[in-house]
Amino acid sequence: MKRFALTAAAALIGTAASAHDFGFAGILSNTNQGEELPTLILATGQPVAEEPITLESGKVYELEIEADGSAELALTGPAFFRNVWVNEVVINGLEVRPFGLESVEFDQAGTMEIEFIAIRPGQYELKIPGSTGDSQRVQITIQ
């Protein structure tokens with residue numbers, strides 16, 4: 001009887017793991033990757049992005065932000081960051097797994113990558129704080 005119980009339990013565990021739609025990495029697996037996003041640029045007098053960004057809810061994305069060091073510039077977007085799940089932020093090869101974000105800032109030239117899962121559909125934006133021009137923000141839609 002014990003042998004049957006152990007065999008049945010092993011069969012159930014094996015079935016559950018192999019039947020998972022995304023594999024062992026769950027929703028962070030390679031099969032759940034969204035489309036590649038354009039790099040956002042932080043440079044004095046330059047647009048942050050060429051066009052709005054559209055994301056699909058439930059997909060994994062990597063957002064790359066490049067700063068040229070021409071000024072201390074930040075991107076803020078608390079509504080956006082509250083409606084995605086940030087898996088990690090990579091700065092100079094160092095990974096940070098934050099509980100949440102509201103903004104990021106560059107004091108010098110560099111690149112930052114933010115890996116996240118889009119969660120709640122809606123209209124959001126990332127913008128340079130204190131700026132008023134449309135080119136100093138990027139509109140993000142999660143569908």
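**Exercise 1.** Work out how strand 3 and strand 8 pair.

Solution. 
- Strands are DSSP runs of E with at least two residues, numbered from the N terminus. Two strands pair if DSSP finds at least two bridges between them.
- Strand 3 covers residues 60–67 and strand 8 covers residues 110–118.
- Eight bridges join strand 3 and strand 8, in the antiparallel sense.
- Take Val60: its bridge partner in strand 8 is Ile117.

The model is predicted: local features need pLDDT of at least 70, side-chain atom pairs count only at pLDDT 80 or more, and totals for chains, interfaces and linings use all residues. Residues are numbered from 1 along each chain as its sequence is written, and side-chain values use heavy atoms, leaving out hydrogens and water.

**Exercise 2.** Describe the lining of the second largest pocket.

Solution. 
- A pocket is an open set of points on a 1 Å grid over the protein atoms alone, where a 1.4 Å probe fits, with protein on both sides within 12 Å along at least five of seven lines; lining residues have an atom within 4 Å of a point.
- The lining includes Ile91, Asn92, Phe106 and Met112.
- Strand 8 gives the most, with three residues.
- Strand 7 (103–106) and strand 8 each supply at least two.

How values were computed:
Helix = DSSP H or I, 4+ residues; strand = E, 2+ residues; numbered from the N terminus.
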